[in-house]
Amino acid sequence: MNPMVTIAVRAAREASKVLLRYYERADVLNISEKGRNEFVSEVDRNAEQVIIEVLREKYPNHAILAEESGTHAGDDYQWVIDPLDGTTNYLHGFPQFAISIAMKHKGRLELGVVYDPLRDEMFTTSRGSGALLNDRKLRVSNRKGLKGALLGTGLPYRDFRFRDQYMGMLNELIEETAGVRRPGSAALDFAYVAAGRLDGFWELGLSEWDFAAGALLVREAGGMVTDIGGGERYLETGNVIAGGIKVHNAMLRKIRPHLDDKLNA
């Protein structure tokens, strides 16, 4: 395993101890609302600090972008951290959340780790080396189109500016597929696309830390990841489509008619 992946795995496992200690005990946590329908607890902050400490011990000069503590200056290497993707699920005892850690070098994604501590599923990848679930090689599904496809998505919950466009996309894709799921953790949704559990995924308004690791997982598992218009600016815009190549392209054709200048900017 890539040495940096090994360190990221160690950081994820250490942070998971914090998450599991308080899972289904939200009544004892200090919880605050940092934005509309966006919550943070001491668990998020403590897990993030654990990850940063593990990474800093080995790579003290690397930069960091973390959901709760923001940007930490450093060199050309940058770690992108979400200590608890699916906080609302976690606080409700809903068993779908994960830790996401990615690393970029000069802006290019180089490795990713997504860890589901409840199922002990560790998704790992590094550029050019494929993607793994624990020790098993991953491959996106080989579905030829939308017929029979199972898709994942994220419903708008903070920013409702593009609600009508999103509902148009959803209506199109519900009619063409076997179903659409909204589990509530984008990091795991991307990991599931990489594993072939979902055939495709789309969402609007994600933050980079939500899916940086997952995006590389999908690409290294043979899939496609683009922004909502089919371009390469998905980490910048947060409007994203992922899937096997044929499913991705079919989704893109259905989604494009619902874009406007602001959404496709």
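Let me begin with Asn134, which at 34% relative accessibility counts as partly exposed, where buried means under 20% relative accessible area, exposed over 50%, and partly exposed in between, with a 1.4 Å probe and protein chains only. Before I go on, please keep in mind that this is a predicted model, in which local features need pLDDT of at least 70 and side-chain atom pairs count only at pLDDT 80 or more, while totals for chains, interfaces and linings use all residues. Residues are numbered from 1 along each chain as its sequence is written, and side-chain values use heavy atoms, with hydrogens and water left out.

Asn134 sits in the loop between strand E9 (131–133) and strand E10 (136–137), and its phi is positive, near 55°, although the residue is not a glycine. Most residues other than glycine have a negative phi. Lys106 also has a positive phi, of about 50°, without being a glycine; its place is in the loop between strand E6 (98–105) and strand E7 (108–116), and with a relative accessible area of 63% Lys106 is exposed.

Now to the chain as a whole, which has eight helices and 15 strands, these being DSSP runs numbered from the N terminus, with helices (H or I) of at least four residues and strands (E) of at least two. The radius of gyration is 17 Å, close to the 18 Å that the globule rule gives for 265 residues, so the chain is as compact as a globular protein of that length; the radius is taken over C-alpha atoms, and the rule is 2.2 Å times the number of residues to the power 0.38. Of the 265 residues, 56% count as buried, and residues 24 or more positions apart account for 63% of the contacts with a separation of 6 or more, a contact meaning heavy atoms within 4.5 Å.

Which helix shows burial in detail? Helix H6 (residues 208–220) has 13 residues and reaches 18 Å from its first C-alpha to its last, close to the 18 Å expected, the expected span being 1.5 Å times one less than the number of residues. Twelve of the 13 residues of H6 are buried, so this helix is largely enclosed by the rest of the structure; among them are Trp209, Phe211, Leu216 and Leu217, and also the acidic Glu208, Asp210 and Glu220. After H6 comes Gly222, whose phi is positive, near 95°.
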